[in-house]
Amino acid sequence: MTLSLTAAQSYRQPWPGLIEAYRQYLPVSDKTPVVTLHEGNTPLIPVPALAERIGRQVRVFVKYDGLNPTGSFKDRGMTMAISKAKEDGAKAVICASTGNTSAAAAAYARRGRMRAFVLIPDGYVALGKLAQALLYGAEVLAIKGNFDRALEIVRQMAENYPVTLVNSVNPYRLEGQKTGAFEVVDALGNAPDWLCIPVGNAGNITAYWMGFCQYHQDGKCDRLPRMMGFQAAGAAPLVGGQPVTHPETIATAIRIGNPASWEKAVAAQTASKGNFHAVTDTEILDAYRILASEEGIFCEPASAASVAGLLQVKDQVPTGATVVCVLTGNGLKDPDTAIKHSQSQVKQGIEPEIPAVAQAMGF
Ligand code: F0G
């Protein structure tokens, strides 16, 4: 009998990063200088309180990609994009970003000894993400416009100047991100019935679908999931079927009105018999608080859209189904939203004495 180990199992000690772990599935060669922070291999965590809300023996897991080195799934794509840029001799990279891409681009570019230019929508990037980009040493340019405009600009910059574009329109980004699907299948032993995922620029839903299809062709799973994409109600072009000129949502990571991977995402939805739905900011915040206070999992608001969406359409989940929600980013990325929308408050001004503390505790 041959012992067949998944990539995650054979690399458990130590995990070498996703390019080494999944090399056979990725467009890299011996000549590719691998720029890695040992990203990937994030946990698939059962969430029983959520499963209980759905009932009917449904199993629910979250793929906690907020545990990547820069705190989001973008590291999966960036290890590939930066390694390939370095292989091509690039000296500088550029991206537009709602925050996470800029943090990942900055970290990997600096590690690969390149300059990182990032264009962000002024005033709409969560504090943690900005802090990361600055400390990693990115050159941060805040534009008086939204993400969609920033992306148009960086696409043209990359055509006219010696800078490599590392947004998800760079095909290597999606190649790296598809490993999220590989890890889900490696952990479950098969594909889930449903894959719930937040959708902004629509790269990640495209990448996950690529990953599931590739693993399916390779015989690693015998089924494919329904791809359930969730957008914020104020920024839901794929639900409405047309671009949104002024996208608005508390989930600034997915505040996007004209996704670059529009057609590919629709193709994934159609082929998988999946769906796009809009979730309101209220639903996003409810899911965000439930994940933290009932499951102990702190994700950022955009990530909670996947869980908000699942709860919205929970009656459609088949009995006994296995559902995976992708939690794309870490909650520490956006401390302002956490503090503002937490139901708990700091009890201040307590005297540093036992009776005072006991009283404040309600004893
Ligand atoms: N969740 C988080 C935390 C994100 O940062 C993003 C995208 C998404 C979901 C949506 O993924 O764009 O592939 O559909 N953030 C990009 C950025 C736009 O610039 O960091 P998508």
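Before you click, know that the model is predicted: local features need pLDDT of at least 70, side-chain atom pairs count only at pLDDT 80 or more, and totals for chains, interfaces and linings use all residues. Residues are numbered from 1 along each chain as its sequence is written, and side-chain values use heavy atoms, with hydrogens and water left out.

**Stop 1: the ligand**

Select the ligand and the 21 residues around it; T98, N201, A202, N204 and T328 come nearest. (Being near takes a heavy atom within 4 Å.) That shell has eight nonpolar, eleven polar and two charged residues. Here Asp, Glu, Lys and Arg count as charged, Ala, Val, Leu, Ile, Met, Phe, Trp, Tyr, Cys and Pro as nonpolar, and the others, Gly among them, as polar.

**Stop 2: polar contacts**

Now look for polar contacts (N or O atoms within 3.5 Å). Pick K74: a polar side-chain atom there lies 2.9 Å from a ligand nitrogen. Hop to T98, where a backbone N or O atom is 2.8 Å from a ligand oxygen. At N201, a polar backbone atom sits 2.7 Å from an oxygen of the ligand. How much of the ligand does the protein bury? Taken alone the ligand exposes 470 Å², and 98% of that is buried by the protein (Shrake-Rupley areas, 1.4 Å probe).

**Stop 3: the sheet**

Switch to cartoon view and find the open sheet of four strands, ordered β5-β4-β3-β6 with parallel pairing. (Strands are DSSP E runs of at least two residues, numbered from the N terminus, and two of them pair if DSSP finds at least two bridges between them.) The edges are β5 (139-143) and β6 (164-165), each pairing on one side only. Colour β4 (residues 115-121): β4 and β5 run parallel over five bridges. Finally, click V118, which stands opposite V140 in β5.

Notes
Polar contact = N/O pair within 3.5 Å; in protein donor to acceptor, adjacent residues only side chain to side chain.
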